[in-house]
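A few questions and answers follow.

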Protein chains: 4
Amino acid sequence: MKQKIWSIIEDNTTLEGRIFDYFIQVLILLSLIAFSLETLPNNSERTINFLNAFEVVCVIVFTIEYVLRIYVSKHPFKYIFSFYGIIDLLAIFPFYLQAAVDLRGLRAFRVFRIFRALKLVRYNRALQRIHLAVKIIKEEIVLFFIITLILIYLTSCGIYFFENEAQPELFSSIFHSLWWSIVTLTTVGYGDVYPITAGGKIFTFVVLIIGVGIVTVPAGLAASALSKAREIEQENFDLKNQSKK
Amino acid sequence: MKQKIWSIIEDNTTLEGRIFDYFIQVLILLSLIAFSLETLPNNSERTINFLNAFEVVCVIVFTIEYVLRIYVSKHPFKYIFSFYGIIDLLAIFPFYLQAAVDLRGLRAFRVFRIFRALKLVRYNRALQRIHLAVKIIKEEIVLFFIITLILIYLTSCGIYFFENEAQPELFSSIFHSLWWSIVTLTTVGYGDVYPITAGGKIFTFVVLIIGVGIVTVPAGLAASALSKAREIEQENFDLKNQSKK
Amino acid sequence: MKQKIWSIIEDNTTLEGRIFDYFIQVLILLSLIAFSLETLPNNSERTINFLNAFEVVCVIVFTIEYVLRIYVSKHPFKYIFSFYGIIDLLAIFPFYLQAAVDLRGLRAFRVFRIFRALKLVRYNRALQRIHLAVKIIKEEIVLFFIITLILIYLTSCGIYFFENEAQPELFSSIFHSLWWSIVTLTTVGYGDVYPITAGGKIFTFVVLIIGVGIVTVPAGLAASALSKAREIEQENFDLKNQSKK
Amino acid sequence: MKQKIWSIIEDNTTLEGRIFDYFIQVLILLSLIAFSLETLPNNSERTINFLNAFEVVCVIVFTIEYVLRIYVSKHPFKYIFSFYGIIDLLAIFPFYLQAAVDLRGLRAFRVFRIFRALKLVRYNRALQRIHLAVKIIKEEIVLFFIITLILIYLTSCGIYFFENEAQPELFSSIFHSLWWSIVTLTTVGYGDVYPITAGGKIFTFVVLIIGVGIVTVPAGLAASALSKAREIEQENFDLKNQSKK
């Protein structure tokens, strides 16, 4: 019996396993769409009732699935405290607590359950490659992250110095200037805050020429680390083939 | 006879073939310009008449070309259902249907016929390299695509939570917030929607620092895959030369 | 005599040559600053007179230099029609024509003369590397350029279709929509034009997810080609050293 | 005695050294936060007094630290004029001068002291790699920097030519147009200045297609140089291991 349930829930090489997996994935997608629909401002009462009913069905299915996963697991606690275990719990417990606290917003995290779908098929190797790439460049990414934060902080101090007098409401403190810094250095540039003094504009000129490059380096690093990870994978594959011969 | 037509239409090593190809390409460009001119708001009646007449000429030429291509093709159905076959059909059939339905907008797809011009000359190898590069990174691109979509979804949920009360008209639902997410994460930043609450700004700060890097990784991946494709091409070329010796 | 002048003008290994080069470079920079100052709206008459006088001095010096360069050159016509020869001419002839036509704007091209300064010192090899990199990726760059243009055209047609009715003044034709396309796909996003209909926003969503990556690939390509060029340079250098032994 | 103090201040392998380092780092972070809080517009008198008192404490601690570092240093002048020595001095001397000149803004540079924390732990190697990468691409970065400046200058001249008449206030001189150029070429696009004439828009179209790629190349260069630096590090590591055997 336990074996049978295990083969349905955890094993996706059997027909029942595949059907179960696709069923759960489709339900997750539908429940995310339902969650988004609920936020629409002018829903009719009928729509609201239907969405509530659908949410009850989803939570029941997800709860059964969660209990069964614990039941068939060899190390239940390992599953409960694993990434997927926590995501699975996040997908259901806000519902049970809603009488006490309103945590329905947490339902958005169900979106992470979609990753399990990726494990299904051929993306497992690509995920491993990303994992390897992250390991290769972890130090550089952390360093650039710190450099970026320092750059944003210094930029905020500088623009505060130049623009505070001219625009006291938009650049009223270094904290307010941080908003300008991040929007400028990531090149989003909404246009709600921008320097108007000559000093502030010259400062921005210098910051943009130097800063934009620094902020975009990590993406390039990630790309080259992924190429490297692919090469390493290929080498390991070649080595295995050689040793087989 | 069939052989002669084939050499004109499909073969671009002969003089007639080249002239035919250039003639068709120029006509495509002119028909695209005519299509764009038609959308101008204050065309005089004379201009409209001229553009309509020119369109009739274009459709006649493209129809004759289409019929001839089917006629000389060894496997007509293979051509009809190929990428270029469909594009060639798209270039003419809206005209014949315009009495019934207004599909003139589809004429814009004639632009794809320009790709055939690239096949002509020396870009064939570069196209093959791009094709190979796409094959190398297909999995990662799909993965990053899914990660990007998940990121956009979670960001939308987050900003909806922070900004809905302060700006109920701009962030009126998660669907409306999606617009903000895509415009922010791709760093376009039109400035029509942006957070105004402190919570929303801090949330955006965190999202931008983490998210912008993730969204721009695929471009870097594509670039390094193209380098890789060039290397593979070079190796194959070297191998061929060696085996010849 | 001719030899002497040559050693001053063309040879930058001698002291006189270096002094001459630095003098000309400083004069170019000053003349560019003077040109920019002239465009300031509220210049006093004294400033205008001074700037005019300085411009006359610059043109006299540049003219003498130009004539001398022709005089000492072994193949005068080769110099006159070379990149630097044309730039040198552009730097002076607008002045002589100003009675007839106002071409003073062309003086901005003096900025290209700065490149000659780069040849002086150690940037010569870096310039060669960039030259080699451009040769490596020329085909891909042209291809991506064409793909980008096609993408911009199709995007313009699409947004015109979605937004023309809602914003007939901003998206009044495909030509007007091109402005929106380029500003969006390069992620500049001024905020003067953006879609307001649901259809237009969804269309922009799709375009941004796919298009932004494509438009930024060439920069990544250029970067990896430059790395490749450095490797090739290194290999050639190693080969030379080996053959010497 | 001197030895003892040295082991606390400079050596971070001992327990006392680590405690001292973490204490100083936390104090730097707190003093930066205090500095930022001071700029808030509506601080109560109590808050201001508290922040002032805290600043006095910080300066006393940093002064003692600075004096001790000079005291234990073998080459005091080498330390004083080193990067960290200057940063350490910048962290305290504005306080002592504030009766005469208001240089409190310089306190923001304390943020650089955070780099010392990075030296502590495992980021030392990543810092060395970045150092090596900078050395590899120094020439290209300088070249692209100059090319970018030339591009910005020419773009400013161009847009001034097209837009000056239509928008004399925003594009009133080449210097004012520089602001538009940097905001556009880095794709920030605040939306405070943008071309409105057909000529200016077409010019921007061309500039964006060519220019955006050039401006973003250095980030890609940096990323590929960092990969190269990692490879070189790996090779050196392998060579050492081989020579040990």
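## Helices and copies in the predicted model

Q: What distance separates the end C-alpha atoms of helix H3 of chain B, residues 45-72?
A: In this predicted model, helix H3 of chain B has 28 residues, which at 1.5 Å a residue should span 40 Å.

Q: Which residue caps the N-terminal end of H9(B)?
A: Helix H9 of chain B covers residues 174-185, and its reach of 16 Å from first C-alpha to last is close to the 16 Å expected at 1.5 Å a residue. At its N-terminal end, a side-chain oxygen lies 3.1 Å from the backbone nitrogen of Phe175(B), and the residue that supplies this oxygen is Ser173(B).

Q: How many of the 12 residues of H9(B) are buried?
A: The buried residues include Trp179(B), Trp180(B) and Ile182(B). What covers the buried residues of H9(B) includes helix H2 (15-38) of chain A, helices H8 (124-163) and H10 (198-244) of chain B, and helix H10 (198-244) of chain C. The helix is mostly covered, and the number of its 12 residues that are buried is nine.

Q: Which helix of chain A has the lowest confidence?
A: Chain A has a mean pLDDT of 86, with 95% of its residues at 70 or more. Confidence in chain A is highest in helix H9 (residues 174-185), at 93, whereas the lowest mean, 67, belongs to helix H7 (residues 114-120).

Note on methods: Residues numbered from 1 in each chain as written. Chains lettered and ligands numbered in written order. Predicted model: local features only at pLDDT ≥ 70, side-chain atom pairs only at ≥ 80, totals over all residues. Heavy atoms only, no water. Helix = DSSP H or I, 4+ residues; strand = E, 2+ residues; numbered from the N terminus. Expected span 1.5 Å × (residues − 1). pLDDT = per-residue confidence, 0-100. Buried < 20%, exposed > 50% of the residue type's maximum accessible area, 1.4 Å probe, protein only. Contact = heavy atoms within 4.5 Å. Polar contact = N/O pair within 3.5 Å; in protein donor to acceptor, adjacent residues only side chain to side chain.
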